[in-house]
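Dear colleague,

I am passing on the structure we spoke about, together with some notes on its aromatic rings and its strands. Please open it alongside this message.

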Amino acid sequence: MEKKLLVVLFLSLCCSPRLRGEAAQQWTSATATFYGGSDASGTMGGSCGYGNMYSAGYGTNTTALSSALYGDGASCGACYLVTCDASATRWCKNGTSVTVTATNYCPPNYSESGDAGGWCNPPRRHFDMSQPAWEAIAVYSAGIVPVRYARTPCRRGGGIRFGIAGHDYYELVLVTNVAGSGAVAAAWVKGSGTEWLSMSRSWGENWQSNAYLTGQALSFRVQADDGGVVTAYDVAPANWQFGSTYQSDVNFSY
């Protein structure tokens, strides 16, 4: 009887949702600096293509990633929980953490060594965070601190948004406001007169189609980098216009 109780207790602990979630969250060491000014205005734009972070809904808690994390844009939109490593520096604000969204690329600086200015040089894992995000976990005067980070679900309000640029036979679709994993691994478009058409990543979170879709209502399908898929039907009406953004009513869970 005692053995049965022990087995039941063990199973309930190891299989509880809370513990499974903690076990799945893999913490990794990295370093972090900051840029963009106290209002994060210098972080606007960026290689993921989001443009104005305020109007795009990403706010000031954003970060640029080194090559080891950025993956040629594959990590755009991903969310990271970052905490200063107080065991390795005195510049942490103890007991704090911040969730940041990947919105930009931190390029290598091969004129400097990786431990003396070339913070984003391969194979370093580095976050160049907005100043407000940085100051949530570390003291401003530190300049650079060791951190620990883990991927964490992105929390977004409303549905996925699709901004359409380009011209006939070249639709460039910016996918934003992605919840859950946050990072898009594949995307498809369907006109009201076509089958599902695979799009290719052009740059950042911009996805390209070379089909003629003008005058057709558009649906989109998005696959996140964790394998999840959502389909947004009839997001853009038949009279959609280049330069416009259309918001769906679906998103990933988080």
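Below I go through the ring pairs, then the charges over rings, and finally the sheet.

This is a predicted model, in which local features need pLDDT of at least 70 and side-chain atom pairs count only at pLDDT 80 or more, whereas totals for chains, interfaces and linings use all residues. Residues are numbered from 1 along each chain as its sequence is written, and side-chain values use heavy atoms, with hydrogens and water left out.

Rings of Phe, Tyr and Trp (for Trp, the six-membered ring) are taken as a pair if their centres lie within 6.5 Å, and the pair is called stacked with planes under 30 degrees apart, edge-to-face over 60, and tilted for the rest. Counted by this rule, there are 11 aromatic pairs. One of them is the stacked pair of Phe162 and Phe220, with 4.3 Å centre to centre and 10° between the planes. Since Phe162 belongs to strand S7 (residues 161-167) and Phe220 to strand S12 (residues 218-224), the pair ties together parts that are 58 residues apart in sequence; strands here are DSSP runs of E with at least two residues, numbered from the N terminus. Phe162 is buried, at a relative accessible area of 2%, and Phe220 is likewise buried, at 2%, where buried means under 20%, exposed over 50% and partly exposed in between (1.4 Å probe, protein chains only).

A tilted pair is formed by Tyr169 and Tyr212, at 5.0 Å centre to centre and 40° between the planes. It links distant parts of the chain, 43 residues apart, with Tyr169 in the loop between S7 and strand S8 (170-176) and Tyr212 in the loop between strand S11 (206-209) and S12. Tyr169 counts as exposed at 52% relative accessibility, while Tyr212 is partly exposed at 38%. Ring pairs also join Phe34, Trp134 and Tyr140 into a cluster.

As for charges over rings (NZ of Lys or CZ of Arg within 6 Å of the ring centre and within 35 degrees of the ring normal), Arg151 has its charged end over the ring of Tyr80, 5.8 Å from the centre, and Arg221 lies over the face of Trp196, at 4.2 Å from the ring centre.

Lastly, 8 strands form an open antiparallel sheet in the order S13-S12-S9-S10-S11-S8-S7-S14, strands being paired if DSSP finds at least two bridges between them. Strand S13 (229-236) and strand S14 (244-247) stand at the edges with a single partner strand each, so one side of each has no neighbour in the sheet. Within the sheet, S8 and S11 pair in the antiparallel sense over 4 bridges, and Val173 has Trp207 in S11 as its bridge partner.
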